[in-house]
Amino acid sequence: MRVGLSPQWWLRVLIVGCGLAGLLIGEHRLAYYTSQSNIITLGYFGGVLYWMIRRRTTAPAAPRLRGAVTLWIVITGLISHFMLQNGENPLPGLLIDDPSRQVLNWSRFLVHYAVPVLVLTDWLAFGPRRVSPWRDLPLWILYPLGYGATSVARAVAFPTVSDRYPYFFLDPTSQGYGWVAGQFVKLGVIFAILGAVLLAYDRLAARLTHTIPEPPTDATAPTQATAPAAATDPAGAPKAAPAESQPARS
């Protein structure tokens, strides 16, 4: 199969296209986790497409990084939907009459919903499998937790910066730093569970798609025992077979 005709190719082209369009048609500042995770995803899958063309393969480049990128962008979608949008349906906002708001809503929909769903689909549908070991899980959650920690440190070091606290769960103004620390713990547990689910699915999919080859049949196996080779003396001449013993005559 040609790479350009494979479903992996077209799905990854769609990921890059949605991410690029979503970032370009809206206002997305680098201080936000959404912007950072989409840029990382765009860079990774852009590199994957180049790798696929260059190597003529459907296998992704840096497959061990693929699980981390999947988790990071899925976190974007889940936090946006459940914590920022309170689970509201985003589709009606795509059809409003105000053109400027409609473009903004489409931009948010692409980076918050379309890209995470497409990347998750790539993880669920395609291999390679069992590339990322379980010990990678703590490394996967370092980035989102590190983003939160650096965002709080940035707000303390630069109190007049715009978007001082990009997300409400990073803001200690009303409930203090203890509450923010509790949010970190809660999110860290959720991120670890999500990563474990991705790895568990990866193992399950590897088992379901693994086929054990049947043992080969030996069609040339002899059906009769072969006669033993004639013995030879040290000079190379064949030895005569021993004569059968004759009964003694009386």
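**Close-up views of a predicted model: cavities and backbone**

**View 1. Helices around the largest cavity.** Helix H2 (33-55), helix H3 (63-84), helix H5 (137-157) and helix H6 (176-209) each contribute at least two residues to the lining of the largest cavity. Helices (H or I, at least four residues) are DSSP runs numbered from the N terminus. The model is predicted: local features need pLDDT of at least 70, side-chain atom pairs count only at pLDDT 80 or more, and totals for chains, interfaces and linings use all residues. Residues are numbered from 1 along each chain as its sequence is written, and side-chain values use heavy atoms, with hydrogens and water left out. H3 gives the most to this lining, five residues.

View 2. A cavity is a set of points, on a 1 Å grid over the protein atoms alone, where a 1.4 Å probe fits but cannot get out; lining residues have an atom within 4 Å of a point. Two cavities of 30 Å³ or more are counted by this rule. Volume here is the space filled by probe spheres set on the points, with grid points joined across faces, edges and corners. By class, 13 of the lining residues are nonpolar, four are polar and none is charged. Ala, Val, Leu, Ile, Met, Phe, Trp, Tyr, Cys and Pro count as nonpolar, Asp, Glu, Lys and Arg as charged, and the others, Gly among them, as polar.

**View 3. The second largest cavity.** This cavity has a volume of about 40 Å³. Its lining consists of Pro 63, Arg 66, Trp 123, Pro 128, Arg 129, Arg 130, Val 131, Ser 132 and Asp 202. Four of these residues are nonpolar, one is polar and four are charged.

**View 4. The loop between H4 and H5.** Pro 128 lies in the loop between helix H4 (99-125) and H5. The peptide bond joining Gly 127 and Pro 128 is cis, with omega about 5°. Arg 130 is also placed in the loop between H4 and H5, and its phi is positive, near 55°, in a residue other than glycine. Both Pro 128 and Arg 130 line the second largest cavity.

**View 5. Ala 62 in the loop between H2 and H3.** Ala 62 sits in the loop between H2 and H3. Although Ala 62 is not a glycine, its phi is positive, about 45°. Ala 62 is partly exposed, with a relative accessible area of 42%; buried means under 20%, exposed over 50%, and partly exposed in between (1.4 Å probe, protein chains only).

Note on methods
1 Å grid on protein atoms, 1.4 Å probe; cavity = no way out; pocket = protein on both sides within 12 Å on 5 of 7 lines; lining within 4 Å.
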